[in-house]
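Visitor: I am new to this structure and would like to learn how to read its features. Could we take them one at a time?

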Amino acid sequence: MDTKQVAPPKHQTTGKERIFYGTYFLGQNIFYFIVIMMLQIYLTNVAGIAATSVAVLFLVVKVWDAINDPIFGILVDKIHFKSGKYLPWIRLSTFLIPIATTLMFMIPSSLPMWAKLLWAGIAYILWDTSYTICDVPIFAITTAMTDDIKERTGLISIGRFAAMFAFVAAIGLPIMTAAGMSYALAVFIFAIIGFLFMLPIGFVAKERVLVRSEESVPLKDLLQYLAKNRYLLIFFSGMIVAALTNTQLAVGTYVAVYLLGGPEMISLNMMVMMPAMILAATIVGLLNRKVDKYNMFMIGLCLTAVFCVVQYIAGYESLPVYFAISFMKALCLGITSVLMFTFTADCTEYGAFKTGTNAEGVSFAIQTFSNKMTTALSASIGMFILGALGYISGVDGNYPTQTQATIDGIWFMNTLFPIIGIAVQLAIMFFGYKMRDKDVKVMADANRGLISREQAMSQLKFKL
């Protein structure tokens with residue numbers, strides 16, 4: 001009898017799954033970009049909250065964030081729904097995120113300051129929790145939809161590509177509000193649109209790859225897995241450190257208002273980034289199978305720092321020059337942003353190979369936590385600096401005149417300040433992250449029983 005073992009067939013996704021995986025990201029990121037691009041200026045110049053108070057608010061919310069992300073990652077790995085490991089969470093998030101986002105932009109200007117802060121804090125915590133519920137499963141489900149490493153990267157690239165179009169949609173918010181529409185009504189319209197884009201994947205996607213044992217993984221083993229997955233910790237520690245000085249998004253709307261000509265420039269300042277980010281997603285998709293993602297990521301970081309320096313030297317007096325450099329900066333930043341999400345799946349394979357524990361929920365929870373932490377830290381630090389520079393808040397869309405020192409500080413935060421964090425991140429990655437795409441492929445094959453552990457160890461180019 002022929003005892004030759006045949007490798008099991010690959011589990012691959014359908015066309016509908018790939019399309020609706022993308023539309024989910026389109027809807028999800030409409031809410032994401034609205035919040036990260038517009039929330040600060042809404043709170044300071046519509047709700048009338050001081051910049052330093054906004055900074056404190058962001059930090060307080062992140063205390064809860066630091067708690068809920070790891071907890072939720074553990075819940076994902078320990079709770080077994082009959083309808084799937086990830087799909088129930090994705091369906092729940094489809095309803096929660098639009099509600100939470102709308103609430104954040106409905107603060108009545110007539111409320112006393114303490115009530116405004118309480119409203120903003122509760123709404124932001126709800127949004128943060130809702131985003132946790134969606135962010136872990138939507139990335140982790142790629143490990144359950146297909147066991148093809150390149151296809152997973154392709155799926156995530158589709159999601160990030162769709163997110164670029166969400167950025168285009170988000171540009172409509174400052175256009176609508178500049179035309180006189182209230183933030184509450186404009187965000188509500190976006191909430192309906194985003195919900196409709198997010199809805200289908202929860203009913204179309206299939207979890208066809210068994211990525212965990214049927215036995216529940218003990219909490220102690222999950223914590224040990226996290227402690228032993230050094231590449232997961234190295235990569236995302238670099239991200240968080242870089243966020244400490246990445247204040248470009250935090251002050252982008254203020255650059256438009258005070259340096260480029262007024263609030264009507266907010267949408268144009270956002271719009272010039274859109275084609276660059278779409279091009280970045282396209283470049284990553286084309287180079288995915290030919291160039292190691294580590295090399296693309298490092299080059300993207302280096303070029304981002306270069307264009308930050310170039311933009312500072314060139315200044316903002318000439319709008320064509322400013323927007324041309326902004327395009328190049330956004331292109332490089334877009335490449336690293338797309339690639340960032342693909343590293344988590346690689347680190348998950350590493351963790352499973354090293355520890356024998358499939359804890360992709362924990363891995364993607366760290367990604368979610370890091371992503372939100374980087375956004376919050378950069379926004380909070382940016383608002384603290386803005387307040388320290390003497391920024392004067394307004395009410396109901398009023399933009400008071402600022403001092404030259406404040407304007408100079410905004411420009412510094414938009415150009416040179418981010419370079420500090422980028423330099424540290426480059427050092428962390430260069431000296432600490434040794435895993436490459438070929439290594440991931442070997443470990444993935446071993447994790448699925450296609451090759452033995454001994455065979456895998458002989459092929460790996462780095463030390464575990």
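Visitor: In which helix is Phe33 found?

Guide: The model is predicted. In it, Phe33 is found in helix α1.

Visitor: Is Phe33 buried or exposed?

Guide: Buried means under 20% relative accessible area. Phe33 has a value of 6%, so it is buried.

Visitor: Which residues is Phe33 in contact with, leaving aside its neighbours within four places in sequence?

Guide: Phe33 is in contact with Met38, Ala163, Ala166, Phe167, Ala170 and Met277. A related pair is Phe33 and Met164, which are 131 residues apart in sequence, while their C-alpha atoms are 9.7 Å apart in space.

Visitor: How are two packed helices described?

Guide: The description uses the angle between their axes and the distance between the axes. For α1 and helix α3, residues 87-104, the angle is about 25° and the axes are 11 Å apart. The two helices are therefore roughly parallel to each other, and their crossing is left-handed.

Visitor: Which residues of α1 and α3 meet?

Guide: From α1 there are Tyr24, Phe31, Val35, Leu39 and Tyr42. They meet Ile90, Ser93, Thr94, Ile97, Pro98, Thr101 and Met104 in α3. By class, this contact has nine nonpolar residues, three polar and no charged.

Visitor: At what angle do α11 and α19 cross?

Guide: Helix α11 (residues 230-243) and helix α19 (residues 417-432) cross at roughly 165°, and their axes come within 7 Å. That angle makes α11 roughly antiparallel to α19. The crossing is right-handed. The residues of the contact divide into nine nonpolar, five polar and no charged. On the α11 side they include Tyr231, Ile234 and Phe235, and on the α19 side Gly421, Val424 and Gln425 are among them.

Visitor: Why are α16 and α20 described as oblique to each other?

Guide: Angles under 35 degrees count as roughly parallel, over 145 as roughly antiparallel, 65 to 115 as roughly perpendicular and the rest as oblique. Helix α16, residues 319-355, packs with helix α20, residues 437-447, at an angle of about 50°, so the pair is oblique. Their axes are 9 Å apart, and α16 passes α20 in a left-handed crossing. The contact has seven nonpolar, one polar and three charged residues.

Visitor: Back in α1, is Asn45 buried or exposed?

Guide: Asn45, found in helix α1, residues 15-45, is buried, with a relative accessible area of 0%. A polar atom of the Asn45 side chain lies 2.9 Å from the backbone oxygen of Asn398. Not counting residues up to four places away in sequence, Asn45 also touches Tyr254, Tyr258, Tyr391 and Asp396, among others.

Visitor: Where does Asp396 lie?

Guide: Asp396 lies in the loop between α17 (360-388) and α18 (404-414). With a relative accessible area of 55%, Asp396 is exposed.

Visitor: What is the phi of Asp396 near?

Guide: Most residues other than glycine have a negative phi. In Asp396, phi is near 55°, a positive value in a residue other than glycine.

Note on methods: Residues are numbered from 1 along each chain as its sequence is written. This is a predicted model: local features need pLDDT of at least 70, side-chain atom pairs count only at pLDDT 80 or more; totals for chains, interfaces and linings use all residues. Side-chain values use heavy atoms; hydrogens and water are left out. Axes are lines fitted to C-alpha atoms, for helices over the stretch in contact, and angles run from 0 to 180 degrees between N-to-C directions. Helices (H or I, at least four residues) and strands (E, at least two) are DSSP runs, numbered from the N terminus. A crossing is left-handed if the near helix is turned anticlockwise from the far one by less than a right angle, and right-handed if clockwise. Ala, Val, Leu, Ile, Met, Phe, Trp, Tyr, Cys and Pro count as nonpolar, Asp, Glu, Lys and Arg as charged, and the others, Gly among them, as polar. Buried means under 20% relative accessible area, exposed over 50%, partly exposed in between (1.4 Å probe, protein chains only). A polar contact is a pair of N or O atoms within 3.5 Å; within protein, one must be able to donate a hydrogen and the other to accept it, and residues adjacent in sequence count only if both atoms are side-chain atoms. Contact means heavy atoms within 4.5 Å.
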